[in-house]
Amino acid sequence: MRTPPPDVDEARTLPAPVLIAASVQPVLSGTVVEDESNHEILDAIDHAHQQLIAAEIAELVGILRAADRWKIDQDAVGAGIERLIQPGHDGTPRIAEFLALEIGALLGISQTSALCRIGDALDLRHRHPKLWQAVLTGKVRVWQATKICLECAHLSRSAAHNVDAAMAASVGMLPWTRIMKALPGQIIAADPDTARQREQARRESRRIRISPIEDGHVSIYGVVNPVDGIKFDHVLNEVAKTFPTEPDTPLCRDLDRRRSLAFGMITQDAYTKLHREKPLLDLSETPSNRLPQRSTPTTQQPIGCTLIVHISADDPALDPSPTSTTGVARIEGWGPLLTEQLPHFLNGANITVRPIIDPAGIRPVDSYETPARMRLALEQRNPVDVFPYGTTQASRCDSDHTIPYIDGRSSQTHLGNLGPLSRKAHRAKTHGKWKLEQPTPGTFHWTSPHGYQYQVTPTGTIRIRVPEQT
């Protein structure tokens, strides 16, 4: 067991948060307190803010103390046994792997987020000592320190120390925006060789990505050659100028909206030429080491996607003459749309429809493997990892038997005994003393090694029990 640094123990003397009942209650009840002076109101705000800072520091210190004291069985061997991992960066210690599961559930965040939280705390304490002291004294907020640590994550410990020393005078004194503007220059100055390597890596990782659907639209972002980016910006502006700007055409009133229309026009034109007419690029004189040769498709290649539809016996979708066509459709891998947008979205697309009529009617099987139809129903019932506050998509999880499978017994594989679990959560259940029950199909009752209890349903996670203090 490591002994915590003295400054960690000193931070334990910080005041614990206390509810300001007299100031909060009138706000909660909707009552206006006429006899409060402006000074009293501002003093209450200041007091609440100081409590918030103290609570953040207390949580940070608690995470570090847990990382320091959490033990694993160093003599245990075998697949799935808890390991030591390094969630922080260069110069930070390794910690017990399953600690993130306990802390994540306790804080109401995913195990991945908890691991990042632990790594951030370790980075702050071990790689940025001056910033760490500024946090402990309340001069810098935890979230601000975390942001600086993340920006320096690629640096060696010694280079991070250089950045820490260079910024020591300004942190806590200058406005936050000025600190963040100065930070990139300090990072480059701390390690010019690494800065050159990152520039090269950035050049080799140029990409364009499309986000999932949100509010009926997608976002486009990426990293491209600066010349190409500037030229594309110019093309969007020039095409946008060709659209009308009359007051009765709201979509074209401002340049940004006209640019989005221009993007659609350019894309549609390119898509048509790519699949029906001729190559977009003349590659006959292009060196082979720059762009690959390709043949022009003779027929249009449709977009492929999967549309999953849920149907129940009383669903209006079964009515041959529905009164309304408005609803929500979810495109697998992309996101939700209004059904009225589907005709435009799916025009020319290759659609696979998999109706799930009655998941509860899927019969148990005797094999350990989960049949494809049952697996699909499971993923629709519980779309993400059923560990407390899980975020991993069910399609990327193990199909776990809540009551462990035993060879020779019949009907063990059924929806009432299955749940999607991420690999780490699966290992923690098997080897990490986490206990799991499934009292009703799709509802999961977890008990952590330290006695905290959580209930996980398709709608989320709630903590249902805190162990009594002894």
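Q: Let's start with Tyr-389: buried, exposed or partly exposed?
A: Tyr-389 is partly exposed, at 24% relative accessibility. Keep in mind that this is a predicted model.

Q: And where does Tyr-389 lie?
A: You'll find Tyr-389 in the loop between helix H14 (372-381) and strand S9 (398-401).

Q: What about its backbone, what is the phi of Tyr-389?
A: Its phi is positive, about 60°, although Tyr-389 is not a glycine.

Q: Is Asp-215 buried or exposed?
A: Exposed, with a relative accessible area of 72%.

Q: Switching to cysteines, how many disulfides are there?
A: Zero, from a search of the whole structure.

Q: Is Cys-149 buried or exposed?
A: Buried, with a relative accessible area of 1%. Cys-397 counts as buried too, at 6% relative accessibility.

Q: Now sheets. What is the order of the strands in the open sheet of four?
A: The order is S11-S12-S13-S14, and the pairing is antiparallel.

Q: Which strands stand at the edges?
A: Strand S11 (435-440) and strand S14 (460-465). Each has a single partner strand, so one side of each is left without a neighbour in the sheet. From one strand to the next, the twist averages 25°.

Q: How many bridges join S13 to S14?
A: Five bridges join them, with S13 covering residues 453-457 and the two strands running antiparallel.

Q: Last topic, the surface. Which residues form the nonpolar patch?
A: The patch is formed by Ile-208, Ile-210, Val-218, Ile-220, Val-224, Phe-232 and Phe-263. Together they have about 560 Å² of accessible area.

Q: Where is Ile-220 placed?
A: Ile-220 is in strand S4, which spans residues 220-223. Its relative accessible area is 41%, so Ile-220 is partly exposed.

Conventions: Residues are numbered from 1 along each chain as its sequence is written. This is a predicted model: local features need pLDDT of at least 70, side-chain atom pairs count only at pLDDT 80 or more; totals for chains, interfaces and linings use all residues. Side-chain values use heavy atoms; hydrogens and water are left out. A disulfide is a pair of cysteine sulfur atoms within 2.5 Å. Buried means under 20% relative accessible area, exposed over 50%, partly exposed in between (1.4 Å probe, protein chains only). Two strands pair if DSSP finds at least two bridges between them. Axes are lines fitted to C-alpha atoms, for helices over the stretch in contact, and angles run from 0 to 180 degrees between N-to-C directions. Patches are made of residues with over 30% relative accessible area and no salt bridge: like charges are joined within 9 Å, nonpolar side chains (Val, Leu, Ile, Met, Phe, Trp, Tyr) within 5 Å. Accessible areas come from the Shrake-Rupley method with a 1.4 Å probe; for residues, only the protein chains shown count as cover. A salt bridge is a side-chain nitrogen of Lys or Arg within 4 Å of a carboxyl oxygen of Asp or Glu.
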